[in-house]
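Q: Could you walk me through how to read surface patches, burial and contacts in a model like this one?

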Amino acid sequence: MSQLETPLFDALLKHRNRHPIQFHIPGHKKGQGIDPAFREFVGDNVLSIDLINIAPLDDLHSPKGAIKDAQHLAAEAFGADATFFSVQGTSGAIMTMILTICGPGDKLLVPRNVHKSIMSAIVFAGAIPVFIHPEVDTELGISHGISAESVERALDAHPDASGLLVINPTYFGFAADLKRIVDLAHSRDIPVVVDEAHGVHIHFHDKLPISAMEAGADMAATSVHKLGGSMTQTSVLNVREGLVSSKRVQSILSMLTTTSTSYPLLASLDTARRQLAIHGYDLIDQAIKISKDARKRINSIPHLYCAGVEKLRTSATYDMDPTKILISVKDLGITGYDAEKWLREKANIEVELSDLYNILCLITLGDSRKEVNLLINALTRMSAAFESDAEIKETEVTLPEIPALAMSPRDAFYAKTETVKLSEAAGRISAEFVMVYPPGIPIFIPGEIIAQDNIDYIAMNIEAGLPVQGPEDDTLEMIHVIKETKAIF
């Protein structure tokens, strides 16, 4: 097969053009039974391929035809031995990776600044997380990746680990020395799985950080919808045979995946793969050029700072993706949330993320210089609007310490609990997740000891208007803790 082909999309079109009489779900029957206003908006084409796993269209749970061919082409494109489509997002692919290599009581070496799906999978597996401290950037107030040196120390201390998880690149676009990290783990026969949610494009351009498959990782959960041109909720799970089995991966993925898989979503993966394989280099090259120009222009705006290659100092900040535009606004005297709100209300611009100190903008293969010019113009006006509040802050921003883990996340999640005021919870063991989403990195997880600086950090985020979530209590005044009052180490 050729990368020009789209076997699944073609099979859907061929089936549609037969105009079969459908006595199967979905109930809207090619749009005839759907709400007219919605049908008029989305159009008949997408509704005509909203089908189910009948024989001509293959089955994601046991692919033997068009889906098998589409996944084979994806594996070729990503340099994998096998690739699996996910309509459960990258979260579903991440959970599959962890459940493939971990069971109850198994140790998983993992950075503390991981997405909530990773911690959820650890709870499901009954695994024990062994946290590796990420490198903290006190100028920007963010966490980077994990260093090769810290990985080596963790591997030496825990030679019985069932696996190592690495984020490559981070949400903010920074990448560790992944090849070195993979080699360190493989020298001990420990599999490496990669959260590549923000790196689908890096495999298709030589001026971007090394991809998980290029580095020799065993599995990578790669989000195609975030930066690669497929529809929201679609990702791929890339696998290298050896320390893991693709048959086992298929079995676990089927346990987590709906049996009513969306064919429009799957078709968008098939076609996005073709675009990346055939035109990806040129499209990404244009995004890189636009991004570098944007970074230069933003750094000329008073009181704003857009991080760049000057941050590449260690094996934890070994490389970076220039298409991630991380802008510090702390010297403007406002929070990232203030900047996000101003850009929305005054310039009709939506950013990817805001936190206490920064905003994050993504330049993708769907952007042009026109959008970037509008962003630069808006940032210039925003800088002028807050000029009177601007000041160069001499003190560095701070992040809370990583909480101590007192018991396994699974044991804490299922333990008998009681509800206490969050403001009075210091010293207690959390039975809930608390995080700011996006990016979905937990402030603390079930099993960790709540410290006062964590409580203060949550209060800072709430006061700034940022989306703190996780506890059952939406007001964030109360939190579930396990009934034991003394932490057990």
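Q: Which helix gives the largest share of the nonpolar patch?
A: Helices here are DSSP runs of H or I with at least four residues, strands are E runs of at least two, and both are numbered from the N terminus. Helix α2 (residues 36-42) supplies the largest share, three residues. The model is predicted: local features need pLDDT of at least 70, side-chain atom pairs count only at pLDDT 80 or more, and totals for chains, interfaces and linings use all residues. Residues are numbered from 1 along each chain as its sequence is written, and side-chain values use heavy atoms, leaving out hydrogens and water.

Q: Which residues make the nonpolar surface patch?
A: F38, F41, V42 and V46 form a patch of about 390 Å². Areas come from the Shrake-Rupley method with a 1.4 Å probe, and for residues only the protein chains shown count as cover.

Q: Why does F38 count as partly exposed?
A: Buried means under 20% relative accessible area, exposed over 50%, and partly exposed in between (1.4 Å probe, protein chains only). F38, in helix α2, counts as partly exposed because its relative accessibility is 44%.

Q: Is S291 buried or exposed?
A: S291, in helix α11 (residues 263-298), is buried because its relative accessibility is 0%. Leaving aside neighbours within four places in sequence, S291 is in contact (heavy atoms within 4.5 Å) with P322, T323, I325 and I363.

Methods: Patches are made of residues with over 30% relative accessible area and no salt bridge: like charges are joined within 9 Å, nonpolar side chains (Val, Leu, Ile, Met, Phe, Trp, Tyr) within 5 Å. A salt bridge is a side-chain nitrogen of Lys or Arg within 4 Å of a carboxyl oxygen of Asp or Glu.
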